[in-house]
Amino acid sequence: MRARHLGLASCHTCNLLQRLPASGHGHCPRCHSRVRLRMANSISITWAFLITAVIAYLPANLYPVMTVVSLGNTQSDTILSGVVFLLLHGDWPLALIVFVASVMVPLLKMAALAYLLLSVQRRSPLRKAQRTRLYRIIEMVGRWSMVDIFVVALMAALVQAGNLATIIPGPGALAFASVVILTIFAAMSFDPRLIWDKGEVGHDIATSP
Amino acid sequence: MKQRERGAPFRAELTACHECDELQRIPALEAGQAARCRICQALLLRNPGGGLDRPLALFLSALILLLLANIFPFMTLEIQGQQEITTILGTSQVLYHAGMGALAVVVFLTSILAPALIISCALYVLLAIRFNVSLPAVRMALSWISHLKPWVMLDVYMLGVLVAFVKLDKMASLHIGLSLFAFIGLIILSTAAMAAFEPQLLWRRLAGKRFT
């Protein structure tokens, strides 16, 4: 039995099961958070975050994430050239981890979100459990993409204003962090319960303001 | 739960899965057990066991390590006799000075502010319940923990330290500061503390109390 059919929902913050008024939203009596049968405008908000993330992905990979100025030489690093650097220095296990975290994870996360959104919009009845698991995975691994931002910040903090070398964070870092944050917001605004809705009552609540 | 907390509403045992909306009864859980959704396998509830004292001790130790990690130098870089010392706060400061205020805020939030707030909120709630003192805004503190959890990235930061270490090792000599050890301890203890801590059980305990 689906909770929606009885007008029931669990509070997202404290998990208290409660009956909601006909409007489909109310306030939790235990923790005072907002409770909804389905998140408001989940699909369009998730699309908005996702499309913005895809747009930001271009400058994130084209602009340098950092610039090393050493004895008059200037060398700029992008996300990809950072991975190549690790590979060339023979540190292939670390290169692999960074490649997965900063190249594979953002791309797969954006593709997976698009797939989830399209399948929900088409009201696909297929592989619901697998799609829910896919959602759970992308929500969990997305944060690891932030590793490159921390690397840039640490290196810039350690090598600054010395007379021998300076490392300056580049605009690519800002764009790349935006991609990561935007995809985290996209995953947060997606309501996985929509995967299981058959598209009658709940769909109207989820897509209308 | 084996013995239901007094004052908890009867419905608390019935739940709707957050991921598939299936209405179901949460079975009684032994310490260390977890209940999963019978349709989609989402985690419904964990019973970490160990009462309030274990998370209380773990969060308290995590708080001490958090302070230590932010007081001492994190890493020191040496290029031909010239030393450059950085702290954890220094990594967001450098971004701020490079004109990337927004990025500095993100790094500060994920490496210092969110962990500090979660640890403080958890201690606040646990102390209020454990010693039954009526403190203000206990409910708010407990809900903040769930909201802040996705923004704690200490483990990702640690991977960043590893990568930065390898990259800089080629151009200069690096020394590990005292803070780095405290930071590793902080990651281990805060993970253990969160594992010993189930907000849902605390919400049930709050149900019968007059806390705000």
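User: Where in chain B does E19(B) lie?

Analyst: In this predicted model, E19(B) sits in the loop of chain B that runs between strand 1 (14-16) and strand 2 (23-25).

User: Why is E19(B) called buried?

Analyst: The relative accessible area of E19(B) is 13%, and a residue counts as buried when this value is under 20%, so E19(B) belongs to the buried class.

User: Which residues is E19(B) in contact with, leaving aside its neighbours within four places in sequence?

Analyst: From chain A, E19(B) is in contact with T132(A), R136(A), P192(A), R193(A) and W196(A), and from chain B with C40(B) and A42(B), once the neighbours within four places in sequence are left aside.

User: Is F85(A) buried, partly exposed or exposed, and what makes it so?

Analyst: F85(A), which is found in helix 2 (residues 79-88) of chain A, has a relative accessibility of 24%. Buried would require a value under 20% and exposed a value over 50%, so F85(A) counts as partly exposed. As for its place in the chain, F85(A) is 81 residues from R4(A) in sequence, and their C-alpha atoms are separated by 52 Å.

User: How do you know whether helix 1 and helix 3 of chain A are roughly parallel or roughly antiparallel?

Analyst: Helix 1 (residues 42-62) and helix 3 (residues 92-121) of chain A pack at an angle of about 150°, and their axes are 11 Å apart. Because angles over 145 degrees count as roughly antiparallel, helix 1 of chain A is roughly antiparallel to helix 3 of chain A. The crossing of helix 1 of chain A past helix 3 of chain A is left-handed.

User: Which residues meet where helix 1 of chain A packs on helix 3 of chain A?

Analyst: Helix 1 of chain A brings residues including W47(A), L50(A) and Y57(A), while those of helix 3 of chain A include V103(A), M110(A) and L117(A). Sorted by class, this contact of helix 1 of chain A with helix 3 of chain A has 15 nonpolar, two polar and no charged residues.

User: What makes helix 2 and helix 3 of chain A roughly antiparallel?

Analyst: The axes of helix 2 of chain A and helix 3 of chain A cross at roughly 165° and come within 8 Å. Since roughly antiparallel is used for angles over 145 degrees, helix 2 and helix 3 of chain A are placed in that class. Their crossing is left-handed, and the contact includes V83(A) and L86(A) of helix 2 of chain A together with A95(A) and F99(A) of helix 3 of chain A. The residues of this contact of helix 2 of chain A with helix 3 of chain A divide into 11 nonpolar, one polar and no charged.

User: Which residues of helix 4 of chain B are buried?

Analyst: In helix 4 (residues 138-148) of chain B, the buried residues are V138(B), R139(B), A141(B), L142(B), S143(B), I145(B) and L148(B). The buried residues of helix 4 of chain B pack against helix 3 (101-130), helix 6 (178-195) and helix 7 (199-207) of chain B.

User: How many domains, helices and strands belong to chain B?

Analyst: Chain B is divided into domain 1 (1-47) and domain 2 (52-207), and the centres of domain 1 and domain 2 of chain B, taken over C-alpha atoms, are separated by 30 Å. Chain B has seven helices and seven strands, and buried residues make up 52% of its 212 residues.

User: How is chain A divided into domains?

Analyst: Chain A is divided into domain 1 (1-37) and domain 2 (41-198), whose C-alpha centres lie 33 Å apart. Four residues from domain 1 of chain A and four residues from domain 2 of chain A take part in the contact between them.

Key:
Residues numbered from 1 in each chain as written. Chains lettered and ligands numbered in written order. Predicted model: local features only at pLDDT ≥ 70, side-chain atom pairs only at ≥ 80, totals over all residues. Heavy atoms only, no water. Axes fitted to C-alpha atoms, helices over the stretch in contact; angles between N-to-C directions. Helix = DSSP H or I, 4+ residues; strand = E, 2+ residues; numbered from the N terminus. Parallel < 35°, antiparallel > 145°, perpendicular 65-115°, else oblique. Left-handed = near helix turned anticlockwise from the far one by under 90°. Contact = heavy atoms within 4.5 Å. Nonpolar A, V, L, I, M, F, W, Y, C, P; charged D, E, K, R; others polar. Buried < 20%, exposed > 50% of the residue type's maximum accessible area, 1.4 Å probe, protein only. Domains from an automatic or database assignment.
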